[in-house]
Amino acid sequence: MNRRVSGLSFYHKKKKINTSLLKEIAIWAGEILLTIIGTVILVSFFGFKISVVGPSMSPTLENGDQILVNRFLYKLFEPGRNDLVVFSPNGNQKSHYYVKRIIGLPGDVIEIKDGIVYVNREPFPEKLEVEPVENALMAEQEIIVGEEEYFVLGDNRNNSEDSRYASIGNVKKDHITGKAWLRVYPWEEIGLLK
């Protein structure tokens, strides 16, 4: 009579590794990693979000609108006339960001006479309908835009602190954070900025 003796056994069954489960976990981990990398790239280049402060860009942007800023574009290309730029006034990182429209490029001569903005002694071809400028301030006399500088104005010309003011002046390229390109709030106004 054969009897099995129960007790300690040093022989274990080898467990089968479920390779299909491991493969699925590896694919899942890879997708998560790619998503994280993609998100970091998008946020770094396109996802910098700010809120507009004040009415200076009305009717294009209103107080409280939230916009995305492309920080990468101006590393490849120069800012252009009529671009909506986001900058720190005089490079002051503690101030809120300003959003304004580029009117004058490096080397341009800017002057405001009788409510009209002149660039290189020609009336500036406005991209949108704006009111005549009531107070030319520093631009009452010709202003020459220096190298790596830009003359900016708010679209709400009579309620904007911009390059006409000594406290702002011409904006240095180094102080420009990027180009405002997309309004993301309020929801009914979501869209590309022009």
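1. I17, L21, L22 and I25 make up a nonpolar surface patch whose accessible area together is about 400 Å². Patch members have over 30% relative accessible area and no salt bridge, with nonpolar side chains joined within 5 Å; areas are Shrake-Rupley values with a 1.4 Å probe. A salt bridge here is a Lys or Arg side-chain nitrogen within 4 Å of an Asp or Glu carboxyl oxygen.

2. The model is predicted, with pLDDT of at least 70 needed for local features and 80 or more for side-chain atom pairs, while totals for chains, interfaces and linings use all residues. Numbering starts from 1 along each chain, and side-chain values use heavy atoms, without hydrogens or water.

3. I25 belongs to helix 1 (residues 19–45), helices being DSSP runs of H or I with at least four residues and strands runs of E with at least two. I25 is partly exposed at 45% relative accessibility (buried is under 20%, exposed over 50%, partly exposed in between).

4. There are three aromatic pairs in the structure (ring centres within 6.5 Å; stacked under 30 degrees, edge-to-face over 60, tilted for the rest). In one of them, F87 and Y98 have ring centres 5.7 Å apart and planes at 45 degrees, so this pair is tilted. F87 lies in strand 3 (residues 84–87) and Y98 in strand 4 (residues 98–104), eleven residues apart. F87 is buried at 1% relative accessibility, and Y98 is buried at 12%.

5. Y185 and W187 pair edge-to-face, at 5.6 Å between centres and 90 degrees between planes. Y185 is partly exposed at 35%, whereas W187 is exposed at 63%.

Terms used. Phe/Tyr/Trp six-rings, centres within 6.5 Å; stacked < 30°, edge-to-face > 60°. Buried < 20%, exposed > 50% of the residue type's maximum accessible area, 1.4 Å probe, protein only. Patch = residues over 30% accessible without salt bridge, like charges linked within 9 Å, V, L, I, M, F, W, Y side chains within 5 Å.
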